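Here is a short briefing on one protein model. Keep the sequence and the 3D view open while you read.

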Amino acid sequence: MSDGTAAASPSNATLLCRTGARAGSRFPLRDGITRVGRAPDNDAVIDGPEAVMVSQYHCEILREGEGFRVRDCKSTNGTWIDGERVDDGAISPSTLVRLGQQGPEFAVVLGDAAPEPLERTIEIHATEATEKVSGTGTVEEMLSAAVRSARRMRARGIADQTMTIMRDVVQRALRDSHRRQRAVRYGLVFALLAVSGGGIWWTTKLNREKRAIDAHIRDLEAELQKASQGADTERLISRLSDYQEQAELLQHNLLYRIEPHDEGDFVSRELRSVMREFGAEAYSIPPDFVQRVNDYITKDCGTERPRIAQALHDSADRLQTIRRILDAEQMPEDLAYIPIVESALSDEAESAAGALGPWQLTAPTAREYGLRVDDQADERKDLVKSTEASCRYLKYLILDFGAGSSVMLALAAYNGGAAKVKQAVTHTVRNPIQQRNFWYLYRVRALPLETSEYVPKVFAAILIGRDPRHFGF
């Protein structure tokens, strides 16, 4: 302020609010203590949006002869004089008092002196201006210089310039930031174009490699269908295994996975989905296996349609009971479709070999897994008990085969017997790591024909059961 204002009598001094919704409001400063805060019994009651930073009883302003002091009342956000937090400090018309670091700002006005306009233009020495709004250095350095300049202005009695100085700094910082951002944006655009071009080229290369590998696999699968067991079959399977490994590695490439790829028809896609759940997923499923699944689906939707429809709809509650037991035993719920293939879920179904009930268990197997089979009772006909026994049997088979596509081997053993499948493994498999799985045995035709047909028959029932509407049920 001017010297004339500073010399005015403090007898009618006021506290001027300089910021916020109440900017321009004045509160008389009493002869003794003037209390400031949000509570209604204060001498200067602070309200409005800025009051969130003000405590109920924030501070006191005390007269000391011709001067004033401000004393903080243990407020939450503190009392600040010219940007410095204080508990007790002298104030004058040349200082600014802020309630909280981001709260409302006040100044002491003596007599009838008018406050200086908030946006008035001031002349500042060139060196001060350079430090205040320097366009060089970091934004943090520019802001620090601006704060120092604002404090010097207040010390000289030139107040009300904080917003002007800060606005100048922000504008310069933004201009500098925009220049840098433009350079970064151009760099990013060029980098993106380069990466996109490289990515397109690399993706095209991967797709070309994938098509070539798939063509080799199709040729090898066709040769395997025509080949007889022996050295030639081993050679073809070895080459097929190498190409499948290459294809699987390629599929894990991120650029390849970004683009969508054709995964075949509905049956092929669903087969892969079930195989994943069974832990029997393979890059290439033998085409003749897929064809046999399709053949059995055609049969189930044709001549066998009444039998399948009755199992899926009329016996839906029985099928749900089986699924619930499988889930409780932590077994794949899709195994619930085995008894549809075995008996169409009939308790009275009996085979020529003496297998009985919905799961078509033989008497020795039923007794081994806890069922009563004698002249007085045959629990193979009991849906719940026979399902629990079949769960135990399937779980034993899965654990017994252990490696590779064990669920697939367990399905084969459920039909042909564990002994026959183990015999095929023992007599056929030479590499126990790569060849001890269902797909190897299927390709070299090591399994009995009935068993080789049984597994795709079960998968046909599984696919229909998973999405009956797709197949018109």
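Phe289 belongs to helix α8 (residues 287–300) and Tyr442 to helix α16 (residues 438–443), so the pair ties together parts that are 153 residues apart in sequence. Bear in mind that this is a predicted model.

**Aromatic pairs**

- The count of aromatic pairs comes to 12.
- Phe266 and Phe471 make an edge-to-face pair, at 5.8 Å between centres and 70° between planes.
- This pair also links distant parts of the chain: Phe266 is in helix α7 (residues 266–278), Phe471 is in the segment after α17, and 205 residues separate them.
- Phe266 is buried, because its relative accessible area of 17% falls under the 20% cut-off.
- Phe471 is buried too, with a relative accessible area of 13%.
- Ring pairs join Phe278, Phe289, Phe438, Trp439, Tyr442 and Phe459 into a cluster.
- A charged residue also meets a ring: Arg305 lies over the face of Phe473, 4.4 Å from the ring centre.

**Nonpolar cores**

- The largest nonpolar core has 89 residues, and Leu271, Phe289, Met408, Phe438 and Phe459 touch the most other members.
- Helix α17 (residues 449–466) gives the most to this core, with 9 residues.
- What does Met408 contact, leaving aside its neighbours within four places in sequence? Its contacts are Met275, Phe278, Ala280, Phe289, Phe438, Trp439, Val455 and Phe459.
- Among those contacts, Phe278, Phe289, Phe438, Trp439 and Phe459 are also members of the ring cluster.
- Another core, of 22 residues, lies apart from the largest one; Ala44, Cys59, Val86 and Phe106 are among its members.

**Thr451 in helix α17**

- Thr451 is found in helix α17.
- Is Thr451 buried or exposed? Thr451 is buried, with a relative accessible area of 3%.
- Not counting residues up to four places away in sequence, Thr451 touches Ala412, Asn415 and Gly416.

**Cysteines**

- How many disulfides does the structure hold? The number is 0.
- A disulfide is a covalent bond between the sulfur atoms of two cysteines.
- The closest cysteine sulfur to that of Cys59 is in Cys73, at 6.4 Å, which is too far for a bond. The cut-off for a disulfide is 2.5 Å.
- Cys59 counts as buried, at 3% relative accessibility.
- Cys391 is buried as well, with a relative accessible area of 1%.

**The open sheet**

- An open sheet of 5 strands runs in the order β4-β3-β5-β6-β9, with mixed pairing.
- Which strands stand at the edges? They are β4 (44–45) and β9 (88–91). Each has a single partner strand, so one side of each is left without a neighbour in the sheet.
- Strands of a sheet pair through backbone hydrogen bonds, either parallel or antiparallel.
- Strand β6 (residues 67–72) pairs with β9 in the antiparallel sense, over 4 bridges.
- Within the sheet, Arg69 stands opposite Ala90 in β9.

Methods. Residues numbered from 1 in each chain as written. Predicted model: local features only at pLDDT ≥ 70, side-chain atom pairs only at ≥ 80, totals over all residues. Heavy atoms only, no water. Pairing = 2+ DSSP bridges. Helix = DSSP H or I, 4+ residues; strand = E, 2+ residues; numbered from the N terminus. Core = buried A, V, L, I, M, F, W, Y, C linked by side-chain atoms within 4.5 Å. Buried < 20%, exposed > 50% of the residue type's maximum accessible area, 1.4 Å probe, protein only. Contact = heavy atoms within 4.5 Å. Phe/Tyr/Trp six-rings, centres within 6.5 Å; stacked < 30°, edge-to-face > 60°. Lys NZ or Arg CZ within 6 Å of the ring centre and 35° of its normal.
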